[in-house]
Amino acid sequence: RSELFEGLDIWKQEEYQKLQGTYPVIFLSFADIKQTNGKDAVQKIKKSIANVCQQFETVLENGDFSEIQRSEFAKISPDMDDVTAQSALQDLSQYLYEYYGKKVIVLLDEYDTPLQEAYFNSFGDEMTAFVGAFFNNSFKTNPSLGRALLTGITRICKESIFSDLNNIDVVTQTSTK
């Protein structure tokens with residue numbers, strides 16, 4: 001998708017042109033996780049995770065993976081248990097790293113939408129526990145992760161969902177109009 005960068009200053013740098021499209025990228029959005037109870041919100045997150053993983057099925061089919069890895073990948077579905085869901089991005093990152101030989105870039109858009117809904121609908125503890133474990137596996141303890149970008153609109157305070165993720169740099173941008 002080089003056309004997205006043409007005309008931008010970054011595209012003038014030949015070294016960046018050569019890098020474009022060479023890293024495996026996982027894109028996940030929580031923008032539509034707006035359920036009003038914990039069970040449905042977690043189910044919707046699982047569905048989103050399963051849909052993202054499904055995009056990479058050909059990697060598992062064509063790669064040199066063990067039967068255990070293939071079996072673990074097959075467990076990823078909208079009906080998967082919480083532990084499988086919380087580990088799914090880490091597992092997918094590992095498979096992509098093994099297949100492509102490059103650490104994965106994970107883009108998570110609107111990470112905070114389910115947390116906001118949980119807060120306003122009184123199931124914050126349940127959602128924080130689920131999402132906290134998902135973030136820990138996907139970002140903190142993921143050896144196949146090269147870079148990650150999480151976007152959201154909630155202002156991040158010192159004591160937040162990221163408190164236990166001490167190896168990430170938090171960059172915020174606030175604009176006033």
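This is a quick look at the aromatic contacts in a predicted protein model.

First, the confidence. The protein averages a pLDDT of 88, and 87% of the residues score at least 70. Among its elements, helix α2 (residues 38-54) has the highest mean pLDDT, 97, while helix α1 (residues 14-19) has the lowest, 88.

Now the rings. The count comes to 9 aromatic pairs. Take F73 and Y95: their ring planes sit at 70°, which is over the 60 degrees needed, so the pair is edge-to-face. F73 belongs to helix α4 (residues 67-74) and Y95 to helix α5 (residues 82-100), so this contact ties together parts that are 22 residues apart in sequence. F73 has 10% relative accessibility and therefore counts as buried; Y95 is buried too, with a relative accessible area of 3%.

Y119 and F120 also make an edge-to-face pair, but here both residues are exposed. Here are the two pairs together:

| Pair | Centre to centre | Angle between planes |
|---|---|---|
| F73 and Y95 | 6.1 Å | 70° |
| Y119 and F120 | 5.3 Å | 70° |

The charged end of K102 sits over the ring of Y23, 4.5 Å from the ring's centre.

Technical notes
Residues are numbered from 1 along each chain as its sequence is written. This is a predicted model: local features need pLDDT of at least 70, side-chain atom pairs count only at pLDDT 80 or more; totals for chains, interfaces and linings use all residues. Side-chain values use heavy atoms; hydrogens and water are left out. pLDDT is the predictor's confidence in each residue, from 0 to 100. Helices (H or I, at least four residues) and strands (E, at least two) are DSSP runs, numbered from the N terminus. Rings of Phe, Tyr and Trp (its six-membered ring) pair if their centres lie within 6.5 Å; planes under 30 degrees apart count as stacked, over 60 as edge-to-face and the rest as tilted. Buried means under 20% relative accessible area, exposed over 50%, partly exposed in between (1.4 Å probe, protein chains only). A charge sits over a ring if NZ of Lys or CZ of Arg is within 6 Å of the ring centre and within 35 degrees of the ring normal.
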